[in-house]
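Visitor: I am new to this structure. Please show me how to read it, one feature at a time.

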Amino acid sequence: MLLIPCPNCGERDEREFSYGGRAIKYPDLNALASIQAWHEVLHLRDNSTEVIRESWYHHSGCECWIEITRNLMTHEFES
């Protein structure tokens with residue numbers, strides 16, 4: 001069980017959250033981003049075993065989306 005640090009509610013059980021996936025920086029929609037840039041963002045993600053940024057939705061609490069940094073090997077949250 002993960003204890004996720006919510007900035008509004010404090011540390012909470014992972015069952016109160018919905019996983020939103022990796023926090024991805026998408027190409028700028030206002031600029032003419034190439035098809036290759038979108039292809040790389042959507043389909044060519046690295047399978048990292050280190051630290052990643054994730055999005056979580058606190059559905060049983062403050063109902064906010066939060067971004068956190070988590071170590072995938074130890075499941076420790078860094079921020």
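Visitor: Let us begin with charged pairs. What do the side chains of R53 and E67 meet in?

Guide: The general idea comes first. Side chains can pair when they carry opposite charge and their charged atoms come close. Now the case here, in a predicted model. R53 and E67 meet in a salt bridge, at 3.1 Å from N to O.

Visitor: Which parts does the pair tie together?

Guide: Look at the strands. R53 lies in strand β4, residues 51-57. E67 lies in strand β5, residues 65-71. The pair therefore ties together parts that are 14 residues apart in sequence.

Visitor: How many salt bridges does the count come to?

Guide: The count comes to 4 salt bridges. One of them joins D13 and R15, with the closest N and O atoms 2.8 Å apart. D13 has a relative accessibility of 15% and counts as buried. R15 has 68% and counts as exposed.

Visitor: How far apart are N and O in the salt bridge of E16 and R12?

Guide: There the N to O distance is 3.9 Å. The cut-off for a salt bridge is within 4 Å, so this pair qualifies. E16 is partly exposed, with a relative accessible area of 22%. R12 is partly exposed too, at 31%.

Visitor: How many bridges join β4 to β5?

Guide: The number is 7, and the two strands run antiparallel. Take R53 again. The bridge partner of R53 in β5 is T69. The salt-bridge partner of R53 is E67. Keep the two kinds of bridge apart.

Visitor: Where is R70, and is R70 buried or exposed?

Guide: R70 is in strand β5. Its relative accessible area is 9%, so R70 is buried. Next, look at its partners. The side chains of R70 and E54 are joined by a polar contact of 2.7 Å. Leaving out residues up to four places away in sequence, R70 touches several others, including L2, V51, H75 and F77.

Visitor: Which residues make up the largest nonpolar core?

Guide: For a core, look for buried nonpolar side chains that touch. The largest one here has 7 residues: L2, I4, C6, F17, W56, I66 and I68. Strands β1 (3-6) and β5 each supply at least two residues of this core. L2 is also among the residues that R70 touches.

Visitor: One last stop. Where is M73, and how far is M73 from V51?

Guide: Compare the distance in sequence with the distance in space. M73 is in the segment after β5. M73 and V51 are 22 residues apart in sequence. In space they are 8.2 Å apart, C-alpha to C-alpha. M73 has a relative accessibility of 59%, so M73 counts as exposed.

Technical notes. Residues numbered from 1 in each chain as written. Predicted model: local features only at pLDDT ≥ 70, side-chain atom pairs only at ≥ 80, totals over all residues. Heavy atoms only, no water. Buried < 20%, exposed > 50% of the residue type's maximum accessible area, 1.4 Å probe, protein only. Helix = DSSP H or I, 4+ residues; strand = E, 2+ residues; numbered from the N terminus. Polar contact = N/O pair within 3.5 Å; in protein donor to acceptor, adjacent residues only side chain to side chain. Contact = heavy atoms within 4.5 Å. Core = buried A, V, L, I, M, F, W, Y, C linked by side-chain atoms within 4.5 Å. Pairing = 2+ DSSP bridges.
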